[in-house]
Amino acid sequence: MFGVEALDLARIQFAFTVSFHIIFPAITIGLASYLAVIHFLWLKTGKVKYENIYKFWSKIFAVNFGMGVVSGVVMAFQFGTHWSEFSRFAGGITGPLLTYEVTTAFFLEAGFLGVMLFGENRVGKKTHFFATCMVALGTFLSMFWILSSNSWMQTPAGYEIIDNRVVPVDWFAVVFNPSFPYRLVHMGLAVFVTTALFVGSVAAWHLRKGNQHPEYKKMFSMSMWFLVITIPLQIFAGDLHGLNTLKHQPMKIAAMEGHWTNEGYGATPLVLFALPDSESETNRFEIAIPVLGSLILTHSLTDQVPALDEVSKADRPNVPVVFWAFRIMVALGGLMLLAALISLYQRKKGTFYTNKCWLTFIVWMGPSGLLAILAGWFVTEVGRQPWVVNGLLRTADAVSPHTTLHMSISLLGFILVYSLVFITGYLYMVRLMRRGIDSSETTAIDHDNMSKGDQ
């Protein structure tokens, strides 16, 4: 249909569902830990503002968690329906890893979520806090197992191939495969930064409207301090992740840099802007800085980065997609660093909660963490093509033998259902965020002197 094959439609459908799904866990994981911190402060100080913040974000967490579960279950089914050859080949490893996620993370989340959301007046305060911590631990364990499975597909280890199937021989090597620690740290920081921007933008929106309540000031202040601390750590983690990718998936790095060929023994330049042309194997309108590519990617002034022409065209990823997705991610990271630096300046100037231009900037930065995660995910997944399991199984050999018509109907159905369900959920969350703190739900005795300690 329209020159598109069943394989292309299967890839589009998986990319579509994953792109929807990744938004919700990214917020859920960070928000669960944020709620645990706020709950601890509420329990320790008895201050009303922490209770109000906790109850406000608990509602948004619940909606977000529900949509994340629904979209995640659909993805698990797709492995069997659309990627049956992948499941047959690699199911011996990916199947148990997903099972570990369900039996540890999901059961933990599902078991304590009800106590966290509805147990305040039914269990003790410490039990209620314990339930919040267990939900946060469950979301982190979920990220652990999912990233372990995905990292194994990027850098497979601890296996043998018997009868054209992957068989695990060393589970420690499988779980802690070469790229997993770097991917876990990089993604972990990304979800917490995303949540900080999400929370900070909602607080900034209310502050900009003139709602100078202690809750919004506390939410905004905590978010900006978190950015100041974690953005430099994320830059450092990203550099280590890049070095690891260069070692194990050099063609992904070559595509990220639009690096087609090495000329002689000269150092690799850093391409700032270009229009990569896969047909002619060149960059058009290229702007590059000599030597800087070698310095950043190899920490050397002379070492060359492997070039795309070192492998056949059939073994290269889609260069334009990877090249631009990487630059979008880096550009958004630069804006986050700028936001962190401006926050320090605004605090010193005394206009941290009142400067409308500054608050508007943070409101617009609210979705930037999610966009950066999506861009990074495209770099990761498109960059490993044409392999679904790097070096072992090509994507074209992993798809189920469906017709183009079947895949078209399936894709159309997913687009319609996802659009209806998730737009409804998104609009409801926006309504909750615009409504803001509902102090009528407060039950704690206010030990907080509102005139002090809110700055």
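Tutor: S223 sits in helix α7, which spans residues 214-248. Helices (H or I, at least four residues) and strands (E, at least two) are DSSP runs, numbered from the N terminus. This is a predicted model, with residues numbered from 1 along each chain as its sequence is written. Local features need pLDDT of at least 70, side-chain atom pairs count only at pLDDT 80 or more, totals for chains, interfaces and linings use all residues, and side-chain values use heavy atoms, with hydrogens and water left out.

S223 is buried, at a relative accessible area of 3%. The classes are buried (under 20% relative accessible area), exposed (over 50%) and partly exposed (in between), with a 1.4 Å probe and protein chains only. A polar atom of the S223 side chain lies 3.3 Å from the backbone oxygen of A196. A polar contact is a pair of N or O atoms within 3.5 Å. Within protein, one atom must be able to donate a hydrogen and the other to accept it, and residues adjacent in sequence count only if both atoms are side-chain atoms.

L374 is found in α12. Its relative accessibility is 19%, so L374 counts as buried. The C-alpha atoms of L374 and T194 are separated by 11 Å, although the two residues are 180 apart along the chain.

Next, the backbone. Most residues other than glycine have a negative phi, and most peptide bonds are trans. The peptide bond from Q385 to P386 is cis, with omega near 10°. P386 lies in the loop between α12 (368-383) and β5 (387-389).

Then there are the positive phi values. N164 is not a glycine, yet its phi is positive, at about 60°. Its place is the loop between β1 (159-162) and β2 (165-168). N164 is partly exposed, at 48% relative accessible area. E281 is also not a glycine and has a positive phi of about 60°. E281 lies in the loop between β3 and β4, and is partly exposed at 26%.

β3 and β4 pair in the antiparallel sense over six bridges. Two strands pair if DSSP finds at least two bridges between them. One of the bridges joins D277 to T282 in β4.

I289 lies in β4. At 35% relative accessibility, I289 counts as partly exposed.

Last, the cysteines. A search of the whole structure finds zero disulfides. The criterion is a pair of cysteine sulfur atoms within 2.5 Å. C133 is partly exposed, at 24% relative accessible area. C357 is exposed, at 65%.
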